[in-house]
Amino acid sequence: MTTGNANAVSEKEPSVEAALLAGLGGRSLVLVGMMGAGKSSVGRRLAARLAIPFVDADTEIEKAAGQTIPEIFEAHGEAYFRDGEKRVIERILRGGPLVLATGGGAFMDPDTRHTIASAGISIWLKADSDLLFRRVKRRSNRPLLKTADPEGTLKALIEQRNPTYALADLTIMSREVPHETVVGEIVKAVSAHIDGAINKEANPQ
């Protein structure tokens with residue numbers, strides 16, 4: 001004799017990742033924050049976990065310009081770079097859903113913030129200055145840090161930019177833990193963010 005309802009159909013619950021993607025619709029996840037915060041490293045793993053494309057905005061800018069970012073800065077200046085960055089990010093976000101890692105200054109532009117808000121969920125990878133400097137000093141491709149005091153310049157940039165980064169939809173701490181730990185925190189936070197928006201829509205005050 002069988003127990004329980006023999007006619008009951010066991011339906012498998014969708015995975016957290018599948019539910020997240022369904023909630024995103026065509027929107028993308030956009031990682032913002034300072035150079036060295038881990039946007040590209042974390043972004044690749046996040047995209048792999050969600051089985052959607054990963055795009056690095058800086059890489060796409062270099063492809064479009066046929067120059068490296070230091071070369072663009074040297075030949076044309078920062079204003080020219082930012083204008084191109086804005087156009088590239090707008091183009092990328094038309095192709096969502098995807099995970100986009102932006103350059104450190106991208107979110108400072110009001111038009112770019114509007115584009116990101118319209119087409120995605122923004123996630124600030126926040127890190128302290130000591131961690132950021134330990135990471136960025138290993139590389140020589142940071143035009144804004146080519147100064148007599150790169151650490152002081154970095155700290156000044158952090159102070160200037162953090163209030164704007166704080167406008168992102170979500171904030172996740174970047175720290176010395178496995179990247180998969182940070183990815184898991186992002187998935188959890190984005191899922192809660194989507195659920196909160198759905199509940200708010202269903203139960204307007």
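**Cavities, ring pairs and a strand**

Author: By class, the lining of the largest cavity has seven nonpolar residues, one polar residue and one charged residue. In this sorting Ala, Val, Leu, Ile, Met, Phe, Trp, Tyr, Cys and Pro count as nonpolar, Asp, Glu, Lys and Arg as charged, and the others, Gly among them, as polar. The model is predicted, and local features need pLDDT of at least 70, side-chain atom pairs count only at pLDDT 80 or more, and totals for chains, interfaces and linings use all residues. Residues are numbered from 1 along each chain as its sequence is written, and side-chain values use heavy atoms, with hydrogens and water left out.

Reader: What makes a residue part of the lining of the largest cavity, and which residues line this cavity?

Author: On a 1 Å grid over the protein atoms alone, a cavity is a set of points where a 1.4 Å probe fits but cannot get out, and a residue belongs to the lining if it has an atom within 4 Å of a point. Those lining the largest cavity are Met 34, Ala 37, Trp 124, Leu 125, Lys 126, Ala 127, Leu 132, Ile 158 and Asn 162. The elements giving two or more residues to this lining are β4 and α8, and β4 gives the most, with three residues. Helices (H or I, at least four residues) and strands (E, at least two) are DSSP runs, numbered from the N terminus.

Reader: How many cavities of 30 Å³ or more are there, and what volume has the largest cavity?

Author: The count comes to two, and the largest has a volume of about 40 Å³, where a volume is the space filled by probe spheres set on the points, with grid points joined across faces, edges and corners. The second largest cavity holds about 30 Å³ of space.

Reader: Why is the pair of Phe 73 and Phe 81 called tilted?

Author: Rings of Phe, Tyr and Trp (its six-membered ring) pair if their centres lie within 6.5 Å, and planes under 30 degrees apart count as stacked, over 60 as edge-to-face and the rest as tilted. By this rule there are two aromatic pairs. The centres of Phe 73 and Phe 81 are 5.0 Å apart and their planes stand at 40°, so this pair is tilted. The rings of Trp 124 and Tyr 165, with centres 5.7 Å apart and planes at 35°, are therefore tilted too.

Reader: What do Trp 124 and Tyr 165 tie together?

Author: Trp 124 lies in strand β4 (residues 120–126) and Tyr 165 in helix α8 (residues 150–165), so the pair ties together parts that are 41 residues apart in sequence.

Reader: How do you know whether Phe 73 is buried or exposed?

Author: Buried means under 20% relative accessible area, exposed over 50% and partly exposed in between (1.4 Å probe, protein chains only). Phe 73, at 16%, is therefore buried, and Phe 81 counts as buried at 3%. Trp 124 is buried at 6%, Tyr 165 is buried at 0%, whereas Ala 51, at 68%, is exposed.

Technical notes. 1 Å grid on protein atoms, 1.4 Å probe; cavity = no way out; pocket = protein on both sides within 12 Å on 5 of 7 lines; lining within 4 Å.
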